[in-house]
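Me: I have a model open and some quick questions about it. Can we go through them one at a time?

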Amino acid sequence: YSFCTLLQDKMSSKCVTGSGITVGTFNTLQRSFERRRYASHVPDNIKSWKNRKLLLASLLPTLGDVIAAQECEIGTFEEDYEFMKSHGYDAIAPFDKSARKDKSKLSLAKTAMFYKTSKFDLIWHDHRSRTLLSAMVEKSTQRILWMVNCHLEGHPEKVGERFSQIKSALNLVAAKQRKMKYDPEDCHLVVCGDFNCSKECVPISFILNGGVTPADSDPWNPEEIITTTPVSHPYKMTNITPEGFTFLGSTGNPQSIDYVFISHNIGVERVKGPSTQSQWDEAVETGLPNEKHPSDHFPLLAELHLL
């Protein structure tokens, strides 16, 4: 099936004309999911990596010129996603420094990035514990696209860790921009991925509001102190994520936890995702992944224009 049949197609009110770039985000669900005991709701033949890789090989190359991927395993990344090369993609492979000495860490699932070499030249990237930061030059315009690919802390109550991860990511990107003699407010930035929280939570409000104060709390753990001093970042960001659930885990409780945010100087042609109602009805009935979809998340795709 094609990506266009998988996702709702929603036009943005911030629409612009002309050619641009496409950016996708997708938690692909790590390879070792096939060995997870708690996933007994998914039949073994559906859960197997051999089956899911076939579905991914059909779906992933349709998700844009740049694809922010989450849950890619370090040790088998090249083997798992070798099919992307034939579609013109290079990759920033998942990385964790602990895997250099401890081979058991090679099964860790981290963030990765795929980008079309015909469209972009990669000029910088930095792996953090829960984010992947990058900068690439769009060849046709020579503008730089900065990206933060997120897979924030998954424990529901660890709200402070999620906030710390996104705060650190934006601080590091801004510091790199300043080091390269760019004003962060003028830079083209996309922040996307699996945030493991709802839109009412602090990481989301921090991105959109430009900061947080000691008075702010997170509904997923209201008692935890997020910060004792005001914290800010220099970007003016907009949430362009369409309405709809993006995740269906083993509990069968649908959630919206995947997002795409863009800076003020990026125009939107359209955003696709996350799924139609009928597809969600089927997903709730069968569970995810299922015979048509390789992950417990649905992808998002944004058609953008760097202004």
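Me: Is Asn-221 buried or exposed?
Reply: Asn-221 is buried, at a relative accessible area of 19%. Buried means under 20% relative accessible area, exposed over 50%, and partly exposed in between (1.4 Å probe, protein chains only). This is a predicted model, where local features need pLDDT of at least 70, side-chain atom pairs count only at pLDDT 80 or more, and totals for chains, interfaces and linings use all residues. Residues are numbered from 1 along each chain as its sequence is written, and side-chain values use heavy atoms, with hydrogens and water left out.

Me: Where does Asn-221 lie, and what does Asn-221 touch?
Reply: Asn-221 is in the loop between β10 (211-212) and β11 (231-232). Strands here are DSSP runs of E, at least two residues, and helices are runs of H or I, at least four, both numbered from the N terminus. Leaving out residues up to four places away in sequence, Asn-221 touches Glu-157 and Val-159; contact means heavy atoms within 4.5 Å. Its C-alpha atom is 9.0 Å from that of Gly-160, which is 61 residues apart from Asn-221 along the chain.

Me: New topic, the open sheet. What is the strand order?
Reply: The order is β6-β7-β8-β9-β15-β12, six strands with mixed pairing. Two strands pair if DSSP finds at least two bridges between them. β6 (120-127) and β12 (237-239) are the edge strands, each pairing on one side only.

Me: How many bridges join β7 to β8?
Reply: Seven, with β7 (residues 131-138) and β8 (residues 144-151) running antiparallel. Met-136 has Leu-145 in β8 as its bridge partner.

Me: Which helix packs on the sheet?
Reply: Helix α5 (residues 159-179) does, touching β6, β7, β8 and β9 (188-194). The direction of α5 makes about 160° with that of β8. Axes are lines fitted to C-alpha atoms, for helices over the stretch in contact, and angles run from 0 to 180 degrees between N-to-C directions.

Me: And at what angle do α5 and α6 pack?
Reply: About 30°, with the axes of α5 and α6 (residues 202-209) 8 Å apart. That makes α5 roughly parallel to α6, a label for angles under 35 degrees. Residues of α5 that meet α6 include Phe-163, Ile-166 and Leu-170, and among their counterparts in α6 are Val-202 and Phe-206.

Me: Last one, the whole chain. How many helices and strands are there?
Reply: Seven helices and 17 strands. Of the 307 residues, 53% count as buried.

How values were computed
Angles under 35 degrees count as roughly parallel, over 145 as roughly antiparallel, 65 to 115 as roughly perpendicular and the rest as oblique.
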